[in-house]
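Q: I would like to go through this model with you, one topic at a time. Could we start from the structure itself?

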Amino acid sequence: MKIGILGPRGTFSEVAYNKYQNESDDVVPYYFQSLEETTESLKNMDKIIVPLENTLEGYVQQILDFLILNDAYIEKEIYVDVQFDLVSKVPFDQIKNIFVQFAAKGQCQNYLKTLSNVDLTLTSSNTQSLEMFQKGDLGDAAIIPAHLTNAEMIFKNVTDSIHNQTRFIVVSKHLLKYRDNQLNVSLVVVPINDRPGLLYDILSVFKSQKINLTSIMSRPQKNYMGKYNFYIEFLSNQNIYQEIEALLKATKDEYTIKILGIYPKEII
């Protein structure tokens, strides 16, 4: 089985892949340099692993749009603890430049605000931050994943929250049907016509079916300004298929519902 991963090696994406590999046999990983390349690779891969949500940063909008606009379905979620350290070649007060990946920067804001007269060099991956630091000048430092730290000076735990996690998802080209006691359901509601009270009525449909939503996000339809799709998640059980049937029946005249995934809820 071929599986696409956001590279390079050593990233949190690889940590997610390693957790998945422990549960699966005969897996061959392929590393890609960007989220766009990774999602595009699903055409030639059996599955891909991509980040969907972070405790501090929220949902990855690019992945939401990919799921909504393509024949791509979530079959598993994987939670990865995300903590960052600062590695440096000099004491704290002598740091002149910090290499930091763009997403890591957003998750270490509180620490970065304590610094003055320090330049930030943004990188495309945490591994690149480490490599640039290793090849850099005396006053350089880098914010990198805690599992990669191995330097002369380490300032531990510079992440904004000790509870920071990223939820990765395993995505395939087919919708799998599970019947576990606790299932996470992801779907998108596409309104047929925009009108006042649209969102209220969408939520009322879920209320009428006694479905408790765990998340709702609006995403632009990208054809006209002001038109949105609604990404929704909720927890259910083995009766989910009856609930979905009731939802489709109740909304067929005003909304289109696309199921993006029905998969076991990971215990965290």
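**Aromatic pairs and burial**

Q: Tyr 231: buried or exposed?
A: Tyr 231 is buried, with a relative accessible area of 0%. Buried means under 20% relative accessible area, exposed over 50%, and partly exposed in between, using a 1.4 Å probe and protein chains only.

Q: What sort of model is this, and how are residues numbered?
A: This is a predicted model, in which local features need pLDDT of at least 70 and side-chain atom pairs count only at pLDDT 80 or more, whereas totals for chains, interfaces and linings use all residues. Residues are numbered from 1 along each chain as its sequence is written, and side-chain values use heavy atoms, with hydrogens and water left out.

Q: How many aromatic pairs are there?
A: The count comes to five aromatic pairs. Rings of Phe, Tyr and Trp (its six-membered ring) pair if their centres lie within 6.5 Å; planes under 30 degrees apart count as stacked, over 60 as edge-to-face and the rest as tilted.

Q: Which geometry do Tyr 59 and Tyr 231 show?
A: Tyr 59 and Tyr 231 form an edge-to-face pair, at 5.7 Å centre to centre and 70° between the planes. The pair links distant parts of the chain, with Tyr 59 in strand S4 (residues 58-59) and Tyr 231 in strand S14, 172 residues apart. Helices (H or I, at least four residues) and strands (E, at least two) are DSSP runs, numbered from the N terminus. Tyr 59 counts as buried at 10% relative accessibility.

Q: And Phe 92 with Phe 155, what is the arrangement there?
A: Phe 92 and Phe 155 are also an edge-to-face pair, with 5.8 Å centre to centre and 65° between the planes. Phe 92 lies in the loop between S6 and S7 and Phe 155 in strand S10 (residues 153-155), so the pair ties together parts 63 residues apart in sequence. Phe 92 is partly exposed at 38%, and Phe 155 is partly exposed at 24%. Together with Tyr 111, Phe 92 and Phe 155 form one aromatic cluster.

Q: Changing topic: how many salt bridges are there?
A: The structure holds 11 salt bridges, a salt bridge being a side-chain nitrogen of Lys or Arg within 4 Å of a carboxyl oxygen of Asp or Glu.

Q: Which residue meets Glu 77 in a salt bridge?
A: Glu 77 meets Arg 167, at 3.1 Å from N to O. Glu 77 is in strand S5 (residues 73-81) and Arg 167 in strand S11 (residues 165-172), 90 residues apart. Glu 77 counts as buried at 1% relative accessibility, and Arg 167 counts as buried at 3%.

Q: What about Glu 233 and Arg 167?
A: The side chains of Glu 233 and Arg 167 meet in a salt bridge of 3.1 Å, N to O. Glu 233 lies in strand S14 (residues 228-236) and Arg 167 in S11, so the pair ties together parts 66 residues apart in sequence. Glu 233 is buried at 4% relative accessibility. Salt bridges that share partners join Glu 53, Glu 77, Arg 167, Glu 233 and Lys 265 into one network.

Q: Next, the nonpolar core. How many residues are in the largest one?
A: The largest nonpolar core has 27 residues, and those with the most contacts inside it are Ile 49, Phe 84, Leu 86, Ile 98 and Ile 143. Such a core is a set of buried Ala, Val, Leu, Ile, Met, Phe, Trp, Tyr and Cys residues joined through side-chain atoms within 4.5 Å.

Q: Which element gives the most to this core?
A: H1 does, with four residues. A second, separate core of 22 residues includes Phe 32, Leu 52, Leu 64 and Phe 66.

Q: Last topic, helix H7: which residues are buried?
A: In helix H7 (residues 198-208), Leu 198, Ile 202, Val 205 and Phe 206 are buried. Seen down the axis of H7, these residues fall within an arc of 95°, so they line one face of the helix; the arc is that of the directions from the helix axis to the C-beta atoms. On the other side of H7, Tyr 200 and Lys 207 are exposed.

Q: And in H8, what is buried?
A: Ile 240, Tyr 241, Ile 244, Leu 247 and Thr 251 are buried in H8. The buried residues of H8 fall within an arc of 115° seen down its axis, so they line one face of the helix. Glu 245 and Lys 249 are exposed on the other side of H8.
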